[in-house]
Structures are given as C-alpha cells and as structure tokens.
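Please look over the sequence and the model below.

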Amino acid sequence: MIDPTLPHDLRLSIGRLARRMRAQKVDDSVSDSQFSVLCTLEAEPLTIGHLSGIEKVTPPSMNRTVNTLETAGYVTRTSAPDDGRKVVVVISEAGRDLIEQTRLRRDAWFIARFEQLSPEQRAALEAAAPVIKELAET
C-alpha cells in the first residue's frame, strides 16, 4: 500500500523546485509563457496559429505574447518562404541569447544546490532520475 502522503509531498516538492528553477532568468520581464514561446521558436519559425496550438492558448492571446516579445527584440515577424501571404514568427539573436544565458543560469543554480548534497543524497537522486523522467514524460 502506498503511503498517501508520499505522492502529495513529492508533487509539492517537485513543483516548488520547478518554480525556483524557472525564477532563474536573465530577463525578469519575460514571463514563463513568453520564455516557452521562445524555446518553441528556437527549433523553427512558426505562424501565430501554429504557436497557439503548441502552447495551448488562443491565437489572440498568442498574438499579444508575440507582440511583447517583438517589442523586446526577442522575435521578428516575416513572410513565410513558401507563401508570402503567411506571416511567421522568427526568434532573433537576442532571443537565442536569452535562452542560452537563462539555461546557463539555471544549470549553475541547480549544480550549486546539487553539490551541497551528501554523496548518499546525490546517489539517491541519480537512482530516482530515470523514474522522475518517466513520470514527466507519461
């Protein structure tokens, strides 16, 4: 029988850890949802409609997000190469740099905390990592 407090405690702890990691940003004016859009655009330019589908928001909401990112210089809008009538959103070099610097900051933050753990605690996390990954991907 599973101790009912374990899933609850793990869920809360994982959520808090995720929030603390997300707080490690280079530009605090960029929201988590805006950062997610940048990460999505890192792979390829997309239309507002496609972005809104991936991010699970309405097209008008995505348009506001893209407007904010565009004003900040993190994305640009351009014509689609296959159809000049379509507008696609493209991440800028500043947007790529923001992603890279934020990832580096988050990694450094996590490594610093990881190094404070005892060898036994690190081994426990190493053993749990595949299970946590599986939970996150299912």
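A salt bridge is a side-chain nitrogen of Lys or Arg within 4 Å of a carboxyl oxygen of Asp or Glu. By this rule there are five salt bridges. The model is predicted: local features need pLDDT of at least 70, side-chain atom pairs count only at pLDDT 80 or more, and totals for chains, interfaces and linings use all residues. Residues are numbered from 1 along each chain as its sequence is written, and side-chain values use heavy atoms, with hydrogens and water left out.

Salt bridges link Arg22, Lys25 and Asp32 in a network. Within it, the closest N and O atoms of Lys25 and Asp32 are 3.7 Å apart. Lys25 is buried at 12% relative accessible area, where buried means under 20%, exposed over 50% and partly exposed in between (1.4 Å probe, protein chains only). Asp32 is partly exposed, at 38%.

Asp83 and Arg85 also form a salt bridge, 3.0 Å from N to O. Here Asp83 is buried at 18%, whereas Arg85 is exposed at 75%. Another salt bridge joins Glu70 to Arg77, with N to O at 3.0 Å.

Leaving aside neighbours within four places in sequence, Val66 is in contact (heavy atoms within 4.5 Å) with Ile48, Leu51, Val75, Arg77 and Val89. Val66 is also among the residues with the most contacts inside the largest nonpolar core, which has 17 residues. Such a core is a set of buried Ala, Val, Leu, Ile, Met, Phe, Trp, Tyr and Cys residues joined through side-chain atoms within 4.5 Å.
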